[in-house]
Amino acid sequence: MSMFPKKNFFLVVDSLLPSKYLLKFRKFVFFEPFLGNDIATRGRLSHYGDEERKKFAKTLKIIRDETELLLEDIEAYHIFMAVKRTQKVPGDIAEVGVYKGGSAKIICSAKGEKHLHLFDTFEGLPKVEDIDMVWPFYEGKFAASYDRVRDYLKNDCNVFFYKGIFPGTSGPVKEKKFSLVNLDVDTYESTKQCLEFFYSRMSPGGILLSHDYMTAPGVKKAFDDFFSGKTEPVLETAGSQCLVVKM
Ligand SMILES: C[S@@+](CC[C@H](N)C(=O)[O-])C[C@H]1O[C@@H](n2cnc3c(N)ncnc32)[C@H](O)[C@@H]1O
C-alpha cells in the first residue's frame, strides 16, 4: 500500500487554495519534507547581461500573467532554448501534456514557422499507479478547458490540437518526423507510451525533453528503462527536467 494519502485528500487541498499558490504549497508541504532539500523552490534564471535572456524573462512574465504555468523559470528557458536550437533540425514539434497552454506558448515564442502538435486529454491525468503517487497526482488532476487553451493559442500559427489519451490520438502524426518533443505527462505509463511513439520518429539531432524527471519517479523509471539499452545518454538538467539528443 502506498504511504501517501490519495485522491480525496488532494482534492480538498486543491479546492481550498487559489491555483497561483498551489505549486508553492505542494513544494513546501509535500515535496520538500520527503526529499529534504530546497532545490524545487529555486530556479531563477540569471541573464548575465545577455539580451536574449532578458527578453525571454519578459516574455515569461507575460505568459505567467496570462495563464497558469507549472514550470520553474530555468525549466521554461530550457524549453525555449531547445526549440530555438533545433530550428535547423528537420521535423515538426510536439508536446504531450499541455494543461493550460503555458509551455506551448513558450514553444510558440521560439518555433518560427514550424508545425506544433499539441496532445492532451484536457480532462486531466489518465490512470495513476502507485509509482506516480509521490506527488499529489491522481486521475483527473490538471483538467483544463480545451476551448480556453485553443483560444489562448489562436494567434499562433501552425498549431494543431489532439484531444484524448495519447497515444490513442497519435494517428494523424504517425508519418511525421520531429525535431523537438516536450513531454509533461507526470506518470510512468504515459511517459513510456510517449517514448515508444516518438523515439523512432525523432530526426538525428532532435531533442526529447521531459519535465519531472527528478520529481516524479514514474517519469524517471520510464526514461531510465527505455534508454538503458540505447546509445543516447539521458541528461538530467539543473531543474527537474531531463533531455535526450537523438543520434
Ligand atoms: C502537469 S500538466 C502539464 C503542464 C504544462 N506542460 C505546463 O507547463 O503548464 C500534465 C498534463 O498531462 C496530461 N496528460 C497526462 N498523460 C496524458 C496522456 N497519456 N495523454 C494526454 N494527455 C496526458 C494531463 O491531462 C495534464 O494536462
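This is a predicted model: local features need pLDDT of at least 70, side-chain atom pairs count only at pLDDT 80 or more; totals for chains, interfaces and linings use all residues.

Reply: Residues are numbered from 1 along each chain as its sequence is written, and side-chain values use heavy atoms, with hydrogens and water left out.

Me: At what angle do helix α7 and helix α8 pack?

Reply: Two packed helices are described by the angle between their axes and the distance between the axes. Axes are lines fitted to C-alpha atoms, for helices over the stretch in contact, with angles from 0 to 180 degrees between N-to-C directions. Helices are DSSP runs (H or I, at least four residues) and strands likewise (E, at least two), numbered from the N terminus. Here α7 (residues 188-198) and α8 (residues 217-227) pack at about 35°, their axes 7 Å apart. Among the residues that meet are Tyr-188 and Leu-195 in α7 and Val-219 and Phe-223 in α8, where contact means heavy atoms within 4.5 Å.

Me: Is Met-247 buried or exposed?

Reply: Buried means under 20% relative accessible area, exposed over 50%, and partly exposed in between (1.4 Å probe, protein chains only). Met-247 has 56% and is therefore exposed. Met-247 is found in the segment after β7 (242-245). Leaving aside neighbours within four places in sequence, Met-247 is in contact with Pro-204, Thr-231, Glu-232 and Pro-233.

Me: Which atom of the ligand lies 3.0 Å from a polar side-chain atom of Ser-190?

Reply: A nitrogen atom of the ligand does. A backbone polar atom of Leu-70 is 3.4 Å from a ligand oxygen atom.

Conventions
A polar contact is a pair of N or O atoms within 3.5 Å; within protein, one must be able to donate a hydrogen and the other to accept it, and residues adjacent in sequence count only if both atoms are side-chain atoms.
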